[in-house]
Every structure is written in C-alpha cells, then in structure tokens.
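Here is a short report on one structure. The text moves from the ligand site to the core, then to the loops.

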Amino acid sequence: MNNTTDNPPKKNLVKEILAWKKKREAVILAHVYQPGEIQDIADFTGDSLFLSQQAAKTKAKVIVFCGVLFMAETAFILSPEKIVLLPEIKAGCPLADTAPAEKVKNKIKELPEAVVISYVNSSATVKSLSDYCCTSANAVQIAQAIPSERDILFIPDKNLANFTAKRSKQKIIPWQGYCPAHNILTKEDIIKVKKLHPKALLLVHPECRPEVCNLADYIGSTRGIIEFTSNNTAKEYIIGTELGIFHPLKKNNPDKDFFPASENMVCRDMKLITLEKILCSLQNLEPRIIVPEEIRKKSLQALNRMIEIT
Ligand code: SF4
C-alpha cells in the first residue's frame, strides 16, 4: 500500500503535481498495474480502453497516461485534440512488441480471407490493419459476431486467443505473442499456492496459460476481477494477474484476503513511471504521443466496430 501521506517529501511532490495538473488543465489516468502511489493521485484508474474513454469525455486539454505506449496511443486515437503525455517514453509493452506492423502485414497477405481482430494491447499501426479491436473483457463477444465460416486471425496474445476460441467456438488462428507477466504463471505455481490457501477462490486473467485458466474459478479482465471480488461473499482470493491490482483490491475490500498466484507476476514496463516523472512531464509537456492521422482514423474504425458490437 502507498505511504504517500506519511512521507513529507512525497506529500510535497504530490502537491506540486496537483498544482501543475490544474495549471495545464490536465487529467491523470493510471492503469491498475501502476504503483499504488500513482493510482492514488489519478483522476481515473482502470483498464486501458476505459481510461481513454473517460479522458475523451472530459474537457481536459492534457492527458497524462500512467501506463504504457499502446495505451497512450489509444488515448490519442480517441482524443486527437488533446495533448497526450506518457511520462516515461521507454514504457512499452513486450506483448504488443511481439507483433511488429510489417510482420502483421505479411501474415494478413498470407491469410487474405481471414477477419483480423487485434487486442487493444497492440500498436496503433496494428490496430489500423485490423477489422476489429477487442479487449480481454469482450474478445469472446467480438469473435462470436464474426460469421462462423470465416477464419479469425487474432493478434497478438496466444493465450487470450486460445481462451476466446474455446469460449466462442470460432476458428481462430493465434498470433504467437504472449505477455511475460502473465505467461510466467505455471500450473505448478497454482498447485503450490492452492495448498497454502485451500479455501481461496482462484481468479486469473485470460492472458494466463490455458492449463492455468483450466484451474480457475473465474477468468476475466482486470475490471472483471475487481468486480468479482467486490460482489462475492468469499473472504479469500488467489489472484493471477499483475501485482499492481492488489492496490485497488485491498482498498475496495479491507475485510478480505488476497494472495498472489506468483510473486513473479510483475510488468517491469508498468513500473517505469514515477511521481517525479509525472511532475516533469506536466512541467515540460513531454514526452508527447502522437499517432499519424491516417493510422489514427483506421485504428479508430477498428475500435468503433468493436464498440458497435458491445
Ligand atoms: S502487463 Fe503484459 S500486456 Fe500489460 S503492459 Fe505489461 S507486458 Fe504488456
């Protein structure tokens, strides 16, 4: 949990950030995998698409995205009139990086009849090459909307693709990417942690391996996991997603116990942003994320087709 309020230098830093936020007419967004002290100063916390949609609804002139590059790109795609800042330009997504645009273009040429669905965790260029985008919460629904005789090329997460194929019963060709923070969780880890907490429910993200998902009581997006724990009467949960989620889980449910499925479920890129970098970014209005207009328009079409279905 954060200790910002007990730490005078941090408290001053937060004060300065809030003053600059006001001056810049900015909104601060934080993904739930961000460090707790960053989630605590954000105007909105949640998953990447939800955050971009919330920011688009505000009158803010500047969006500070505390997350990774594809998230800031998505915020720009939805709000091109706003300045979008990513406080640490090196914060990328190893999963999105498994699908470089040139390789995706070649694969699409090989499979001209396939419908292309890209997970929001992909670059703006890959989104622009896709027929539909999807999130981990709606991937099954999007796949089910495709006529069953069509093949679906699903980019970039193979585990989410397998989960979607299983639930939607559609013919899915998975891109072979994976998220290191989720793919690291093994069946052996689960067996070990379940022995320690036999009464706990196991909740995992669909970016986890199929053999891990098969053992879960619930498989869902970060928002799904947060809602599940708030609405369920069980007192103990084993959580199979990035450790940043423990911050909102504990905050929302002080009377419940949460155990990590593995202490190794950490996304290094998500931890690159700091309070100091947020302040610097607000002061200098850098680093800015801009998506070229042609790519932005095509990505927006793929996102809008998803929104129409859901
Ligand atoms: S947790 Fe996985 S999908 Fe999310 S930013 Fe990190 S590497 Fe990418």
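Helices (H or I, at least four residues) and strands (E, at least two) are DSSP runs, numbered from the N terminus. K166 is found in helix α8. This is a predicted model, in which local features need pLDDT of at least 70, side-chain atom pairs count only at pLDDT 80 or more, and totals for chains, interfaces and linings use all residues. Residues are numbered from 1 along each chain as its sequence is written, and side-chain values use heavy atoms, with hydrogens and water left out.

**The ligand site**

Ten names can be read off around the ligand: Y33, V68, C93, P94, L95, N121, C179, E207, C267 and M270.

The ligand takes up the space of the largest pocket. A pocket is an open set of points on a 1 Å grid over the protein atoms alone, where a 1.4 Å probe fits, with protein on both sides within 12 Å along at least five of seven lines. A molecule sits in a pocket if more than half of its atoms lie within 2 Å of its grid points.

N121 belongs to the ligand shell. Its place is the loop between β5 (115-119) and α6 (124-128). N121 counts as buried because its relative accessibility is 13%. The classes are buried under 20% relative accessible area, exposed over 50%, and partly exposed in between (1.4 Å probe, protein chains only). Not counting residues up to four places away in sequence, N121 touches F70, L95, A96, P156 and E207. Contact means heavy atoms within 4.5 Å. Of these partners, L95 and E207 also surround the ligand.

**The nonpolar core**

In soluble globular proteins, nonpolar side chains tend to be buried together. A nonpolar core is a set of buried Ala, Val, Leu, Ile, Met, Phe, Trp, Tyr and Cys residues joined through side-chain atoms within 4.5 Å. Which residues touch the most other members of the largest core? They are I17, V64, I239 and I278, out of 95 residues. Helix α4 (residues 69-78) gives the largest share of this core, six residues. A second, separate core has eight residues, including A99, V104, L153 and W175.

V64 is in contact with A26, V27, I28, L29, L85, P87, I278 and L282, leaving aside its neighbours within four places in sequence. I41 is found in helix α2 (residues 36-41). Its relative accessible area is 9%, so I41 is buried. With neighbours within four places in sequence left aside, I41 contacts V14, I17, I28, L275 and I278.

**Loops and backbone**

Two cis peptide bonds involve proline. One joins I155 and P156, with omega about -10°. P156 lies in the loop between β7 (152-155) and α8 (158-168). The other runs from E286 to P287, with omega near -15°. P287 is in the loop between α14 (275-284) and α15 (293-309).

L285 is placed in that loop between α14 and α15 too. Its phi is near 55°, a positive value in a residue other than glycine. L285 is buried, because its relative accessible area is 14%. K169 also has a positive phi, near 60°, and is not glycine. K169 lies in the loop between α8 and β8 (172-174). K169 is exposed, with a relative accessible area of 70%.

V266 sits in the loop between β12 (257-260) and α14. At 23% relative accessibility, V266 counts as partly exposed. Its contacts, leaving aside neighbours within four places in sequence, are A181, E242, L243 and K271.

P112 is in the loop between α5 (101-110) and β5. P112 counts as exposed at 61% relative accessibility. K166 is exposed as well, with a relative accessible area of 57%.

**C-alpha separations**

| Pair | Apart along the chain | C-alpha to C-alpha |
|---|---|---|
| I41 and A30 | 11 residues | 8.5 Å |
| V266 and L243 | 23 residues | 6.0 Å |
| P112 and A124 | 12 residues | 21 Å |
| K166 and P210 | 44 residues | 9.9 Å |

Terms used
A residue is near a molecule or strand if one of its heavy atoms lies within 4 Å of it. On a 1 Å grid over the protein atoms alone, a cavity is a set of points where a 1.4 Å probe fits but cannot get out, and a pocket is an open set with protein on both sides within 12 Å along at least five of seven lines; lining residues have an atom within 4 Å of a point.
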